[in-house]
Amino acid sequence: MSTEAVANTDLPTQAPKAILFDLDGTLLDTAADLGAALNHMLEQHQRPAVPDHEFRPLASHGANGLLQLGFGDHFHANKQSLREQFLTRYESNIATHTVLYKGTQELLSELSKRGIAVAIVTNKPTFLTKLLLPEFSLLAPIEVVVCGDTLNVAKPDPAPLMHAAQALSVAASDCWYVGDAERDIEAGRRAGMRTILAEYGYIHANDEPHKWQADHHISAPNELIKLLP
Ligand SMILES: O=C(O)COP(=O)(O)O
């Protein structure tokens, strides 16, 4: 993958009025805490631990993606109970190893200087998002936060993105969406937003991000600044 910000289309000529961000794998590197919760559960169930390089690329797929990785078919037979155990464990250790991606502070302060609004659109459930954001002083002030259960549909449906745009009183066409998963780029495209792939996030070796048709790729959060006209 490239290390430079690359554009599939021309560089934007118009600045966005708002930039919406995915959370896991885009603003916050949450993989270590998600993986620790999974491995704690695997230990409880006398199953082998999953190494970092295996759980990390699945961290954007939430509890289901991680439990499927660790428990395989056993997950499908015990979905509800395993999900509950996982979420309880993750909830009580949600910000032990989680960190902001380097360059996020520079990016957010540049957006604030330029008067560009910011929102978060995540598939993480509300109860977890509400616990996590106050742990990061840069993210705590973000007022518009749309979670996986805010509406009755989640990404790749575009509705959560449209909901955030509406809450900011900005047209969807004046928003950009930044995310690291195929469902993020699909949701952004369907919402009519310019899409930016955070290729520093949780992209699996079997993924084909060049096929997702993001408008731009960035390899660090502050590379987004270079895309602003
Ligand atoms: O927890 C999830 O399901 C993924 O969260 P994300 O949408 O912020 O990547």
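Tutor: A term to begin with: helices are DSSP runs of H or I with at least four residues, numbered from the N terminus. Keep in mind that this is a predicted model.

Student: Ok. Which helix is Leu131 in?

Tutor: Leu131 is in helix α7, which covers residues 126-132.

Student: Is Leu131 buried, exposed or partly exposed, and why?

Tutor: Its relative accessibility is 34%. Buried means under 20% and exposed means over 50%, so Leu131 counts as partly exposed.

Student: How far is the C-alpha atom of Leu131 from that of Ile94?

Tutor: Those two C-alpha atoms are separated by 7.7 Å, and the residues are 37 apart along the chain.

Student: Ile94 again: which side chain has a polar atom 3.4 Å from its backbone oxygen?

Tutor: That is the side chain of Thr98. The side chain of Thr98 also makes a polar contact of 2.6 Å with the side chain of Asp33.

Student: Where is Thr98, then?

Tutor: Thr98 is in the loop between α5 (79-92) and β4 (99-100).

Student: And is Thr98 buried or exposed?

Tutor: Thr98 has a relative accessible area of 6%, so this residue is buried.

Student: What about Phe86, where does that one lie?

Tutor: Phe86 lies in helix α5. With a relative accessible area of 1%, Phe86 is buried as well. Its C-alpha atom is 14 Å from the C-alpha atom of Ala31, a residue 55 positions away along the chain.

Student: New topic. Where does the ligand sit?

Tutor: The ligand sits in the largest pocket.

Student: Which residues are around the ligand?

Tutor: They are Asp22, Leu23, Asp24, Ser60, Gly62, Thr122, Asn123, Lys124 and Lys155.

Student: How many of that shell are nonpolar, polar or charged?

Tutor: One is nonpolar, four are polar and four are charged.

Student: Which polar atoms lie by the ligand's oxygen atoms?

Tutor: Asp22 has a polar side-chain atom 2.8 Å from a ligand oxygen. For Lys155, a polar side-chain atom is 2.9 Å from an oxygen of the ligand. Asp24 uses its backbone instead: a polar atom there is 2.9 Å from a ligand oxygen.

Student: How much of the ligand does the protein bury?

Tutor: The protein buries 91% of the 290 Å² that the ligand exposes when taken alone.

Definitions and conventions
Residues numbered from 1 in each chain as written. Predicted model: local features only at pLDDT ≥ 70, side-chain atom pairs only at ≥ 80, totals over all residues. Heavy atoms only, no water. Near = heavy atom within 4 Å. Polar contact = N/O pair within 3.5 Å; in protein donor to acceptor, adjacent residues only side chain to side chain. Areas by Shrake-Rupley, 256 points an atom, 1.4 Å probe, with all protein chains shown as cover. 1 Å grid on protein atoms, 1.4 Å probe; cavity = no way out; pocket = protein on both sides within 12 Å on 5 of 7 lines; lining within 4 Å. Sits in = over half its atoms within 2 Å of the grid points. Nonpolar A, V, L, I, M, F, W, Y, C, P; charged D, E, K, R; others polar. Helix = DSSP H or I, 4+ residues; strand = E, 2+ residues; numbered from the N terminus. Buried < 20%, exposed > 50% of the residue type's maximum accessible area, 1.4 Å probe, protein only.
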